[in-house]
Amino acid sequence: MNDLEKMLSGPRESLNTERGYRLEEVDFNTAYQERNMKYFDSVKEEIRKEIKTGNRSERYARIPGNYRASEGIFGSRRTEFMKIAILGNRLKEFAELDQKIHKKSLHIVLPKEIQERADKISQEIYREHLKNYDIEDMNVSNSVGWLKGPVMDCTKAYFDTVNRKGPDGAVAMVNDRDLMEDGKFRSRYVSAIHEITHVEQYSPDFDPKDERFHEIIPCLQDIIITDEIYKKAKDMDIEEELDYGTSIKISDQEIQLGEMANFYRELESEKGTLGDALVSEESLAFLGL
Ligand SMILES: [Zn+2]
């Protein structure tokens, strides 16, 4: 379990609304995980069958959200992730960023009033994101396992060969509704990008000890994309700084969410990847480390 919902441990979905779902204070680890596990088990069963019959489907994502090590996306951000892990292992305060950036107050920030407009915008952003992978069969519906009802957005890695150190694939699962809370929401398409990013960070030589750094890139990416969605929905300039009334505290610095989004959006475009941006000197100075 390594997702936004991990931070929400305790609550679970109990009320489906027309345009979203809401989390309430009830036992989290039962109903939520049951549905995820059911889907995950069905994927593993399919893989078992393929291995047994030797009848491996060559078609991409025959099983929605399933990424095998041979499919290119799995492990594609390994190098970036390794840099984060190396720095995290050396610098305690940087390692703490993983938990600090994984708080729901930083992710459920879009006002309900813009949901309809934001829905189209975020789906378009998601389509563009998927185009980058340049896989013919890949589309919005098969890129993740879209699950209904009480489920966690999560990515689970698996082994399909014995005696291997690291995983051979991973399954990305996302609730098919936006996450709602207190008149605010988080787009399910942002969640989908988040989960696929976990897939990209895993690799066959993934060290489970580094799982504790797995949220840094996906969560920061969510913040940047969510900020873009908000601005597009409001016809604002991308360089303007939004006040979300929420901040993240690192070392002695208190960084406003809107400021963080702008800073790393720009640094990412300068450095080429978000991982490289994060471990740069400019980033460490910004974080007060
Ligand atoms: Zn996550």
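Predicted model: local features only at pLDDT ≥ 70, side-chain atom pairs only at ≥ 80, totals over all residues.
Local features are given only at pLDDT of at least 70 and side-chain atom pairs count only at pLDDT 80 or more, while totals for chains, interfaces and linings use all residues. Residues are numbered from 1 along each chain as its sequence is written. Helices (H or I, at least four residues) and strands (E, at least two) are DSSP runs, numbered from the N terminus.

Helix H3 spans residues 78-90 and has 13 residues. From first C-alpha to last it reaches 18 Å, close to the 18 Å expected at 1.5 Å a residue. The expected span is 1.5 Å times one less than the number of residues. Glu80, Phe81, Ile84, Ala85, Leu87 and Gly88 of H3 are buried. These residues cover an arc of only 170° around the axis, which puts them on the same side of H3. The arc is that of the directions from the helix axis to the C-beta atoms. Thr79 and Arg90, on the other side of H3, are exposed. A residue is buried if 20 or more other C-beta atoms lie within 10 Å of its own, exposed if 12 or fewer, and partly exposed in between, with C-beta atoms placed from the backbone.

On the H5 side, Ser122, Gln123, Ile125, Tyr126 and His129 take part. They meet Tyr189, Val190, Ala192 and Ile193 in H6. Contact requires C-beta atoms, placed from the backbone, within 7 Å.

Strands E10 (residues 247-250) and E11 (residues 253-256) pair in the antiparallel sense over 4 bridges. Pairing requires at least two DSSP bridges between the strands. Ser247 has Gln256 in E11 as its bridge partner. The hairpin has 2 residues between its strands, and Ser251 takes a positive phi near 45°.

Positive phi values also occur in two loops. Asp134 is not a glycine, yet its phi is about 55°. Asp134 sits between helix H5 (115-131) and strand E5 (145-147). It counts as exposed because it has 8 C-beta neighbours inside 10 Å. Asp235 lies in the loop between H7 and E10. Its phi is near 55°. Asp235 has 7 C-beta neighbours inside 10 Å, so it counts as exposed.

Key. Contact = placed C-beta atoms within 7 Å.
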